[in-house]
Amino acid sequence: MSNLTQSSLTETNLLNNKWIKAFVRSRWYPGILQWPTLLLFMLIMFQLVLGPTSAHDNFGTALTWVLWWPIIPILFLFLGRFWCAICPFATLNDLVQKFVGNNRPVPRFLKKYGIWIIDALFILITWSDHVWGVVENPLGSGVLMLTLTTGVVFSGSFWERRTFCRYLCFLGGLSGNYARTGMIALRGTPEICSTCKVSACYKGTEKVDGCPLFEFPRTMTSNANCNICANCIKSCPNDSIQLTVRPPTKELWFIRKPKLEEAFLSAVIMGLVFVQNITMLEVWSSILRWLERVSGTTSYAVTFTITIVIAMIIPVSLLALASWVANKFNKDSILQNFTRFGYAIIVLDVAGHIAHNLFHLLAEGKSILYTGLALIGQTVGHDASPAVLSMESIQLLQFGLIALGFIGSLFAAYRISRANYPNKLWGTFASYAVLMVIFTAINIWLFVLPMAMRM
């Protein structure tokens with residue numbers, strides 16, 4: 001039995017509480033949360049497409065980019081991929097399948113290259129946001145949402161279960177990585193599952209659908225593709241499923257089958273966090289002018305493309321360099337080291353992402369109230385501050401988050417080293433400890449500099 005399985009048996013099973021168990025097994029869960037989320041999404045879409053054209057006055061923009069986007073990584077940390085169970089796109093996918101779905105098998109190329117497609121889409125959306133001003137333009141945000149909706153409808157019409165969520169959704173790829181740090185884990189009990197002959201947790205029953213993300217709880221060792229929809233809890237005839245609370249980041253210590261594309265994504269996300277911070281700094285205009293002189297063009301599409309490419313190359317190259325150094329100690333291949341230790345960066349990714357978005361949530365948070373009041377005819381002066389906290393307080397919180405992310409990534413690198421290279425522990429660990437120090441220093445430097453608001 002693996003270390004992960006052994007330790008999970010000693011963790012608190014939330015389903016031992018009769019109230020929690022009754023709720024997640026009831027027909028109300030997760031629908032009681034799905035439908036309000038879908039209705040709110042419809043309101044947001046109406047506002048983005050037909051509401052005020054200024055982001056400053058648009059309730060949909062405030063809800064999406066000031067509230068929802070900052071809260072998402074926090075949800076992943078505490079609840080794993082739970083958001084995907086109540087996501088309006090997932091609910092729409094289920095409705096499409098119910099009425100017009102063909103339920104064809106997932107194409108082989110999606111199974112093989114899905115994560116790489118997600119990586120590319122995540123980069124493309126970040127690029128288009130900056131080049132075309134998606135976030136600052138309510139209609140642009142609406143077009144993005146409608147594009148995703150089109151993809152969901154197409155996928156749900158042809159392919160089974162939640163193919164879009166598993167293999168095509170850019171947020172699904174992000175949540176899959178971040179959910180590994182989550183404090184809630186759903187797993188089957190090995191001793192019970194080993195004797196099961198029905199596999200209802202995967203296939204479903206007459207009353208309950210199978211796993212929407214194509215996971216088999218009896219062999220599942222990761223939160224990456226579990227949205228805690230409770231289908232397996234409801235369908236399991238042996239009461240084998242456990243819903244446990246665990247220390248955050250614990251899953252990263254025992255990745256059984258590390259994947260290059262997931263490690264690559266973790267490094268890329270670090271670069272994208274750098275980009276999001278750099279382009280909000282007052283110094284960005286000076287950097288932009290320098291890039292225009294060097295490239296010989298004033299095209300923002302060109303200069304930002306150079307910026308985002310460099311920002312992604314830096315963490316990927318530094319991870320590769322650390323893997324080359326680690327190779328001198330543990331004699332494992334550079335690629336294998338890169339793949340294995342890329343997961344340790346995820347903790348800093350989450351911390352950097354939350355810290356960046358914390359600025360929007362706390363420096364622009366009152367805009368949610370102001371734009372909401374405008375819907376009912378109550379106007380607030382344009383000179384009213386949207387800030388919830390002072391910049392000094394926000395920066396202290398940001399530094400605290402980065403410090404926690406550094407500790408988490410450092411400890412994850414140590415545990416990965418100890419689990420895989422016990423005889424070459426310190427040389428391997430030191431290679432990645434230096435890497436975490438560099439990433440942390442860059443993040444701190446970026447958060448020291450003053451940022452510009454977008455609402």
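Predicted model: local features only at pLDDT ≥ 70, side-chain atom pairs only at ≥ 80, totals over all residues.

Residues are numbered from 1 along each chain as its sequence is written, and side-chain values use heavy atoms, with hydrogens and water left out.

**Confidence**

Colour the chain by pLDDT, the predictor's confidence in each residue, from 0 to 100. The protein chain averages 91, and 96% of the residues score at least 70. Helices (H or I, at least four residues) and strands (E, at least two) are DSSP runs, numbered from the N terminus. Confidence is lowest in helix α1 (residues 3-8), with a mean of 42, and highest in helix α17 (residues 334-341), at 96. Select residues 1-9: the pLDDT there is below 50, and the stretch has 15 contacts in the model beyond near neighbours in sequence. Contact means heavy atoms within 4.5 Å.

**Leu 15**

Next select Leu 15, in the loop between β1 (12-13) and α2 (18-25). Leu 15 counts as buried at 6% relative accessibility; buried means under 20% relative accessible area, exposed over 50%, and partly exposed in between (1.4 Å probe, protein chains only). Leaving aside residues up to four places away in sequence, Leu 15 touches residues including Ile 20, Val 24, Ile 233 and Leu 243. The C-alpha atoms of Leu 15 and Leu 243 are 6.1 Å apart, although the two residues are 228 apart in sequence.

**Helix α8**

Move to helix α8 (residues 138-158), whose 21 residues should span 30 Å at 1.5 Å a residue; the end C-alpha atoms are 31 Å apart, which agrees. The expected span is 1.5 Å times one less than the number of residues. Among the buried residues of α8 are Leu 144, Met 145, Leu 148 and Val 152. What covers the buried residues of α8 includes α3 (31-50), α4 (59-79), α7 and α10.

**Aromatic rings**

Rings of Phe, Tyr and Trp (its six-membered ring) pair if their centres lie within 6.5 Å; planes under 30 degrees apart count as stacked, over 60 as edge-to-face and the rest as tilted. The count comes to 23 aromatic pairs.

Select Phe 122 and Phe 170: the ring centres are 6.0 Å apart and the planes are at 40°, so this pair is tilted. Phe 122 lies in helix α7 (residues 108-132) and Phe 170 in helix α10 (residues 170-178), so the pair ties together parts that are 48 residues apart in sequence. Both Phe 122 and Phe 170 are buried.

Then select Trp 426 and Phe 429, whose ring centres are 6.0 Å apart with planes at 75°, so the pair is edge-to-face. Both lie in helix α21 (residues 425-448), 3 residues apart, about one turn of the helix. Trp 426 counts as exposed at 57% relative accessibility, whereas Phe 429 is buried at 13%.

**Cysteines**

How many disulfides does a search of the whole structure find? The search finds 0, with a disulfide taken as a pair of cysteine sulfur atoms within 2.5 Å. Select Cys 87: its sulfur is 6.4 Å from the closest cysteine sulfur, in Cys 169, too far for a bond. End at Cys 201, with its sulfur 6.3 Å from the closest cysteine sulfur, in Cys 193, also too far for a bond.
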